[in-house]
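Trainee: I have just opened this one and would like to learn how its descriptions are reached. Could we go through some of the terms together?
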Amino acid sequence: MKIAILGFGTVGSGVYDIITNQTSPLLANIKVAKILIRKGKEKKLPIMVDDITDIVNDPEIALVVESMGGLHPAYEYIKLALTHGKHVVTANKAVLARNIAEFEALAKENGVFLSFEASTAGGIPWIASVEKARRIDAVSRFYGILNGTTNYILDSMDEREEDFADALAKAQELGYAEADPSADIDGVDVKNKVVISCAIAFNSVVDIDSFPCFGIRNIDKRDIAYFKRENRIVKLIGEASRFGDKYEAFVMPNAFTRDAMEATVRRNLNIVTLCGSTIGELKFYGQGAGKFPTANAVIQDILDIFSEKTEYTIDVKRKIDYDDTQSKNNYVLRTDRALTNPLFRAVIPFEGLYYHHADGLTIREMRGLAEQAGEADKRFFIIKQADF
Ligand code: HSE
């Protein structure tokens, strides 16, 4: 079976390396026939091309791996591949989260598959496991640490008291971070992964612009120290819950008690949990980023497609509505000055900063408080007291 790889960065080169240095007999049937690189870049291998039409018009290529990242031209190239009757396997969360319904519909129309295990939680077989759980159960909720870069940063700040900027630079060196690490530290990468997971878990395409997203850009060493004092540790969490034909989702830092499983997830590792009606709570843990774990997930999809194990599992026409009044949580808002609001149970000064505790708020109420905090201090930080 011949495949093409679009992009030869961390993930694309990982896929190529695993397939060409194969140790499993199953991989012997897969041949990387072409690799698309950017125009003007040196063609280091004879199979490298710089024109997408060389790939989509090649009748021998049955499957295209999209590992370019970013929205454009990935969006156009995925559509071209699908409309030319090629299966597509992508690791690109950003393009998928915004266009999953269109891509899925196009795949069905053209009798091919779109698979994206590598897009969410890297090497962890998360998408496949949610699909499997859903064969029997209604999945009512999922949550987890879905970004390796921010977990690496938070772990380094907690364990070695490193500065945010130093820890981020190291995560970039290790190949965990996005080309523009804003997507990691502002929570957007997790948001993309929540949308993709909702599609599988809830069998519905949700609107990425409807739910809130708070990252860790403004975290300060003193925040880490404040929560350590409370025997808690900060983790960036993406989560979604389903309530009938409504859902709630958000991305935000959570303060976990040190005995929670999430609290023990170190370095760039990910953990993600699903809650099913008969299976109960299932946790999946492993490498959520990096060259070989992500490439491994891409190749699992390729093998499933070629062995005809893949099915269509998303009803792209099914919509569920966002409702941010369903659950209630406890939050802490940190600013550089004391704020007043009847929703605050306590305002605690700590090393020149103010920690405002507010309990039992809906997401809507929490968003209101975050707006107030943002007006007073642009570098405010908001966190949820984890109750998982
Ligand atoms: N930048 C992402 C992360 C890569 O750090 O998790 C894997 O999706």
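Mentor: Gladly! Let's start with a cut-off: angles under 35 degrees count as roughly parallel, over 145 as roughly antiparallel, 65 to 115 as roughly perpendicular, and the rest as oblique. Keep in mind that this is a predicted model.

Trainee: Which residues make the contact between H4 and H9?

Mentor: H4 brings Lys93, Ala94, Leu96, Ala97 and Ile100, while H9 brings Asp189, Asn192, Lys193, Val195, Ile196 and Ala199. By class, the contact of H4 with H9 holds seven nonpolar, one polar and three charged residues.

Trainee: What makes H6 and H10 roughly perpendicular?

Mentor: Helix H6 (residues 148–159) packs against helix H10 (residues 221–229) at an angle of about 70°, with the axes 10 Å apart. The range from 65 to 115 counts as roughly perpendicular, and therefore the term applies to H6 and H10. H6 passes H10 in a right-handed crossing.

Trainee: Which residues of H6 and H10 make that contact?

Mentor: On H6 they are Leu154, Met157 and Asp158, and on H10 they are Lys221, Ile224 and Lys228. The contact of H6 with H10 has three nonpolar, no polar and three charged residues.

Trainee: H6 also meets H7. Why is that pair called oblique?

Mentor: The axes of H6 and helix H7 (residues 164–173) cross at roughly 135° and come within 9 Å. Roughly antiparallel would need an angle over 145, and roughly perpendicular ends at 115, so H6 and H7 are oblique. Their crossing is right-handed.

Trainee: Which residues of H6 and H7 are in contact?

Mentor: Thr149, Tyr152, Ile153, Ser156 and Met157 of H6 meet Phe164, Ala167, Leu168, Lys170 and Ala171 of H7. By class, the contact of H6 with H7 has seven nonpolar, two polar and one charged residues.

Trainee: Which element supplies the largest share of the lining of the second largest pocket?

Mentor: H5 does, with six residues. Strand S6 (114–115), helix H5 (126–134) and helix H11 (291–306) each give at least two residues to that lining. By class, the lining divides into nine nonpolar, seven polar and 10 charged residues.

Trainee: What is the omega of the cis peptide bond that joins His72 and Pro73?

Mentor: Omega is about 5° for the cis bond between His72 and Pro73. Pro73 sits in the loop between strand S4 (61–66) and helix H3 (74–83).

Trainee: And what makes the phi of Ala121 worth a look?

Mentor: Most residues other than glycine have a negative phi, and most peptide bonds are trans. Ala121 is not a glycine, yet its phi is positive, about 70°. You will find Ala121 in the loop between S6 and H5.

How values were computed: Residues numbered from 1 in each chain as written. Predicted model: local features only at pLDDT ≥ 70, side-chain atom pairs only at ≥ 80, totals over all residues. Heavy atoms only, no water. Contact = heavy atoms within 4.5 Å. Helix = DSSP H or I, 4+ residues; strand = E, 2+ residues; numbered from the N terminus. Nonpolar A, V, L, I, M, F, W, Y, C, P; charged D, E, K, R; others polar. Axes fitted to C-alpha atoms, helices over the stretch in contact; angles between N-to-C directions. Left-handed = near helix turned anticlockwise from the far one by under 90°.
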